[in-house]
Amino acid sequence: MAGKKRILVACGTAIATSTVVARKIEEELAKRDIDIMTTQCKASEVPSKAEGHDLIVTTTFVSGTGDIPVIHTVSFLTGMGIEQDIEKIVEHLKD
Amino acid sequence: MESSQLRFRDLISEELIFIDVQANDRTEALKTMAQRLVDRGYCKPSFVAGILDRETLHPSALPMPGHKIAIPHTDAEHVERSAILFARLASPVAFRSMGDPDQTLEVAMISMFALKEKKRIGDLLETLITVYQDEAVLDQIYNASDARGIFEILRSRVERLEVG
């Protein structure tokens with residue numbers, strides 16, 4: 001595999017729900033031995049920070065994401081639907 | 001106390017838990033709650049507009065197991081003293097859904113975060129979200145007969161998560 005995959009995690013503030021989501025993704029992917037790096041940002045910063053990331057996971061609406069795939073989900077907050085979202089993430093991170 | 005050690009249990013109090021809050025819509029509910037934090041000296045008057053603007057840009061309602069909740073918050077600059085206010089509405093009002101802003105959720109239970117210590121919001125939110133992922137706990141909070149009951153439920157739950 002070509003280096004660590006990078007996931008940009010966005011929310012309104014860059015420090016609130018994105019923290020919960022980033023931790024959960026790291027935890028779930030670590031269980032599957034997938035080594036990733038997450039970066040958190042505000043939804044409004046996505047257009048300027050997206051470059052160099054393999055995937056964007058967000059809890060709120062984002063635009064200006066270019067060609068990078070986006071998963072808008074609250075499963076990591078509600079606790080419902082996490083498995084399906086992790087599968088989606090894993091699928092996106094495949095080379 | 002070091003701000004890095006600020007715990008959820010230190011931010012909730014019986015005086016910041018309200019039941020039977022009357023509101024005709026989301027804006028009225030948020031305004032009423034935010035104003036109570038302002039009136040009690042926790043937030044600057046600008047907090048009210050901060051909460052309303054943030055909710056418009058980034059809706060905060062979530063469909064938790066069995067109940068819809070909302071977790072409104074805004075920037076630390078509007079806060080004087082950190083606190084988390086809880087309100088249970090007399091009847092639910094429509095909030096836009098965080099996961100899909102085109103969808104609305106009928107919300108009756110709201111936890112409003114007013115945090116001065118920015119770095120702590122992730123941990124504190126994670127604690128609350130973990131509590132709210134348990135449908136039985138949300139049922140208890142929804143059915144509690146008074147503010148004291150809700151306070152005790154929240155306190156006992158967060159103490160289990162915040163060991164030490």
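Which side chain is joined to that of A:Glu28 by a polar contact of 3.1 Å? The partner is A:Lys31; a polar contact is a pair of N or O atoms within 3.5 Å, where within protein one must be able to donate a hydrogen and the other to accept it, and residues adjacent in sequence count only if both atoms are side-chain atoms. This is a predicted model, in which local features need pLDDT of at least 70 and side-chain atom pairs count only at pLDDT 80 or more, while totals for chains, interfaces and linings use all residues. Residues are numbered from 1 along each chain as its sequence is written, chains are lettered from A in the order in which they are written, and side-chain values use heavy atoms, with hydrogens and water left out.

**Interface of chain A and chain B**

- Contact (heavy atoms within 4.5 Å) links 18 residues of chain A with 22 residues of chain B.
- The two chains bury about 1600 Å² between them, 66% of it on carbon and sulfur atoms; buried area is the accessible area (1.4 Å probe) lost on being put together, summed over both parts.

- Two salt bridges are counted between chain A and chain B, each a side-chain nitrogen of Lys or Arg within 4 Å of a carboxyl oxygen of Asp or Glu.
- One of these pairs A:Arg23 with B:Asp123 at 2.6 Å, N to O.

**Surroundings of A:Glu28**

- A:Glu28 counts as buried because its relative accessibility is 5%, the limit being under 20% relative accessible area (1.4 Å probe, protein chains only).
- Beyond its neighbours within four places in sequence, A:Glu28 is in contact with A:Ile82, A:Glu83 and A:Ile86.

How values were computed: Buried < 20%, exposed > 50% of the residue type's maximum accessible area, 1.4 Å probe, protein only.
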